[in-house]
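I am opening a page for this chain and will write down what I look up, entry by entry.

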Amino acid sequence: MVTRISGLASGMDIDSIVKKLMTAESVPLNKLNQQKQLMEWKRDNYRQTSVKLVSFLQDKLDTLSKSSSLSAQKATTTGNTTSVSATATPSASGSLEVTVTSLATAARITSSAPPTKSDATTTDWGNVKLSAITGSGIDSNSTAKVAVTIGGASIEIDPQTETLSSFVNKINDSTTAGVSALYDSATGQVSITSKSTGAQGNAIKLDGAGAAVFTALKLDSSFLSGGADAKLNVNGMDITRSTNSFTMNGVQLTLNSGSGGVSTKIEVNKDVDTLVSAVKGFVDAYNEVLTLMNSKVSEERYTKYTPLTTEQRKDMSDSEAELWDSKAKSGMLKNDSILTSAIASMRTAMVEGVQLADGSKIDFTQLGITTGTYETKGKLSLNTDKLKTALEENPDIINNFLGKNYSISSLNNTYTSDDGILARMKKISNSTLVKLAETAGTSRFSSDLTASFMSTSTMGETLTSLDKRISELTAKLTMRETNYYKKFTAMETAISKYNNISSSLISS
């Protein structure tokens, strides 16, 4: 550490002189810091673009590609509209005429009469111990657990503590018994019902070493009963089903009641509103991505507004510095090759048309999609009326134009003429994300604007090199400043000695 003498002997402002000298010496360091700042701002802009593309892929394209969006259908019921409910899946086809004879029912068993108990003080049957129920065969003095079986599932009874409530809870908690149970707290009567409908529920048996409990609860049979399959007629064919909800020809049917002699007619058609919404969703998402990238590559660049040094920022007001920063940050990706390439590819992919297996092509104008004026830079517009007309003429036009080959679009990032638009956009976006990751170290999968950068990217390595050079140059400047002060200190010391000698001679 050098003692900094501030010109007491010479009368010079040493600190000011050294500061001016160091200001000149610091010019290369300031340039390096500005170079680093510009690169970090550019990298931030790349990350904003990357995040938008990841969101476009994960939140928009993947969602739109689902058959529920591109092949949406709806079922329209006429006739007896209360007996049967119908929902069309994307694979639904044709029409159905359904007459319901009877619904599927669940097998069950209930107490034929209230059970009796020896515990007169307990009025809530839920708190009555099984050992206190007449004829249960449960010995309250025994510590050996007793098992019953329901549908083959074993349920253990604790002779000393088991109450009717805890016993019913154990039945309901069983994942294999296949039944649900309830009791009446006032009478102790019990009901056990199969969880599934159909005749197969009649095979559920109440059994086990402790089966006397069932008899004590006035469950008079070893088997559940009353389960029945649904009976119906579909398009002239008598069929049975164990449940009241099932799928036929891609139509999800729910039987609500008997038809009473009036059949239910079900017609399957394209769900135009959902399909139009899907196309509109794509157009909006595409325009959003394109707008962001267009704004980045066309943003004005003000080269004379370099990043402020610490000293420059001190000389400005906050508002002046903020305005300067906005100019300095502008245009970081102006005419950027990665983004201009992505924009051109997306616009080309849109206008090329999708080739079908028979060699014909679907042009985006057939769906009522057009591009705007030159100033809109490729943004799309949608005429929904024209799209609805196209759907009436060709119900599969949206699926073919947007969804074709999307399921195999992850195989490579080069699109072909028979790829649908969603597959093309996915490949172009993936290809762009790879370039951004290699250049700026952005994530190919994260939509987090604060996601960290990979240091192995081109910009990451350059920034690491800049940090090293800045550190080395800072150390050199510190040493240079120290040397300046050493020299001025030596000068001050010499002048002080001279002044002392001179004073001594004059006084003698």
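**Entry 1: Q34**

I looked up the contacts of Q34, leaving out residues up to four places away in sequence, and found T306, P307, T309 and Q312. The model is a predicted one. I placed Q34 in helix α2. Is Q34 buried or exposed? Its relative accessibility is 16%, and the cut-off for buried is under 20%, so I noted Q34 as buried.

**Entry 2: the largest pocket**

I then turned to the largest pocket, which has a volume of about 670 Å³. I found 24 residues lining the pocket, and S26, L29, N30, T310 and E311 lie nearest its centre.

Which helices each supply at least two residues of the lining? I listed α1 (14-25), α2 (27-64), α7 (310-314) and α13 (458-507). Helix α2 gives the most, with six residues. I also sorted the lining of this pocket by class and got 10 polar, eight nonpolar and six charged residues.

**Entry 3: salt bridges**

Side chains of opposite charge can pair when their charged atoms come close. How many salt bridges does the model have? The count came to 12.

I noted K280 as partly exposed, at 43% relative accessibility. D284 is also partly exposed, with a relative accessible area of 39%.

*D396 and K270.* The side chains of D396 and K270 meet in a salt bridge, 3.5 Å from N to O. Which parts of the chain does this pair link? I traced D396 to the loop between α10 (384-393) and α11 (397-403), and K270 to strand β14 (residues 264-270). The two are 126 residues apart, and the pair links distant parts of the chain.

D207 has a relative accessible area of 34% and is partly exposed. For K205 I wrote down 34% relative accessibility, again partly exposed.

Note on methods. Residues are numbered from 1 along each chain as its sequence is written. This is a predicted model: local features need pLDDT of at least 70, side-chain atom pairs count only at pLDDT 80 or more; totals for chains, interfaces and linings use all residues. Side-chain values use heavy atoms; hydrogens and water are left out. On a 1 Å grid over the protein atoms alone, a cavity is a set of points where a 1.4 Å probe fits but cannot get out, and a pocket is an open set with protein on both sides within 12 Å along at least five of seven lines; lining residues have an atom within 4 Å of a point. Grid points are joined across faces, edges and corners, and a volume is the space filled by probe spheres set on the points. Helices (H or I, at least four residues) and strands (E, at least two) are DSSP runs, numbered from the N terminus. Ala, Val, Leu, Ile, Met, Phe, Trp, Tyr, Cys and Pro count as nonpolar, Asp, Glu, Lys and Arg as charged, and the others, Gly among them, as polar. Buried means under 20% relative accessible area, exposed over 50%, partly exposed in between (1.4 Å probe, protein chains only). Contact means heavy atoms within 4.5 Å. A salt bridge is a side-chain nitrogen of Lys or Arg within 4 Å of a carboxyl oxygen of Asp or Glu.
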